Amino acid sequence: RGMREPVMIRQVSPYTITQDCIGDCSFVSALCVAAASERPFRRRLLTAIIYPQDSTGRPVVNPSGKYMVKLFLNGVPRKVVVDDRVPVDARGDLRCARSTNRPELWVSILEKAYMKLNGGYDFPGSNSGIDMFALTGWIPEQFRTADKDFEPRRLWERMRSASRSGDCLVTVATG
């Protein structure tokens, strides 16, 4: 594949996640938000859901290429088993979501597990709240700014307060 020896994770960062022509933008957005909150709040939102793991709980490369990812669907945790065979073009470049740190696998493995849970890479799309729930198990709260009882100041204060402690992950979707 034109890669150095693969590693599962060097660093969980939203700045290294990129999407290609295959995949779902709302899932990639949710992945970025979860990645952004992992280090500052010491919450293992993503690293805790990829297996196998070493003795410290850090996901590792499986020489057999098989991985288990814990995702949530319809309120139930699911164990999704995937391999490390992901879509590539004729030159061997990845066409799915990936880390810009070339040997890292975590982004592609998480996306493949989510796509498998939803029927495959020919996925029609979702919304980032549902995708965030799938990754974290946190129940999303949705707000519609067009609702007549929408109070922007109240919502802003709630989000700001909760985000300071890492208790709020925010994604935005369009209609």
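How do the residues of the lining of the largest pocket divide into nonpolar, polar and charged? The count is 14 nonpolar, nine polar and four charged. Keep in mind that this is a predicted model.

Let me stay with that pocket. Its space comes to about 900 Å³. The lining has 27 residues. Nearest the centre of the largest pocket lie Glu141, Gln142, Phe143, Val170 and Thr171.

A word on H4. This helix has 13 residues. From first C-alpha to last, H4 reaches 18 Å, close to the 18 Å expected at 1.5 Å a residue. Just after H4 comes Gly166, with a positive phi of about 80 degrees.

Next, the second largest pocket. Here the space is about 220 Å³. Fourteen residues line the second largest pocket, and Glu38, Arg39, Arg44, Thr47 and Arg58 are the closest to its centre. By class, the lining has seven charged residues, four polar and three nonpolar.

Pick out Thr47 from that group. Where is Thr47 found? Look in the loop between helix H1, residues 25–38, and strand S2, residues 50–51. Is Thr47 buried or exposed? Its relative accessible area is 6%, and the cut-off for buried is under 20%. So Thr47 counts as buried.

What does Thr47 touch, leaving out residues up to four places away in sequence? The list is Ile9, Val12, Glu38, Gln53, Gly57 and Pro59. For a sense of distance, take Arg154. It sits 107 residues from Thr47 along the chain, and their C-alpha atoms are separated by 33 Å.

Last stop, helix H2, residues 106–117. Why call H2 largely enclosed by the rest of the structure? Because ten of its twelve residues are buried. Among them are Trp106, Ile109, Leu110, Tyr114 and Met115. Glu111 and Lys112 are on the buried list too. The length of H2 agrees with expectation, because twelve residues at 1.5 Å a residue should span 16 Å, and the end C-alpha atoms are 17 Å apart. After H2 comes Gly119, whose phi is positive, near 100 degrees.

Conventions
Residues are numbered from 1 along each chain as its sequence is written. This is a predicted model: local features need pLDDT of at least 70, side-chain atom pairs count only at pLDDT 80 or more; totals for chains, interfaces and linings use all residues. Side-chain values use heavy atoms; hydrogens and water are left out. On a 1 Å grid over the protein atoms alone, a cavity is a set of points where a 1.4 Å probe fits but cannot get out, and a pocket is an open set with protein on both sides within 12 Å along at least five of seven lines; lining residues have an atom within 4 Å of a point. Grid points are joined across faces, edges and corners, and a volume is the space filled by probe spheres set on the points. Ala, Val, Leu, Ile, Met, Phe, Trp, Tyr, Cys and Pro count as nonpolar, Asp, Glu, Lys and Arg as charged, and the others, Gly among them, as polar. Helices (H or I, at least four residues) and strands (E, at least two) are DSSP runs, numbered from the N terminus. The expected span of a helix is 1.5 Å times one less than its number of residues. Buried means under 20% relative accessible area, exposed over 50%, partly exposed in between (1.4 Å probe, protein chains only). Contact means heavy atoms within 4.5 Å.
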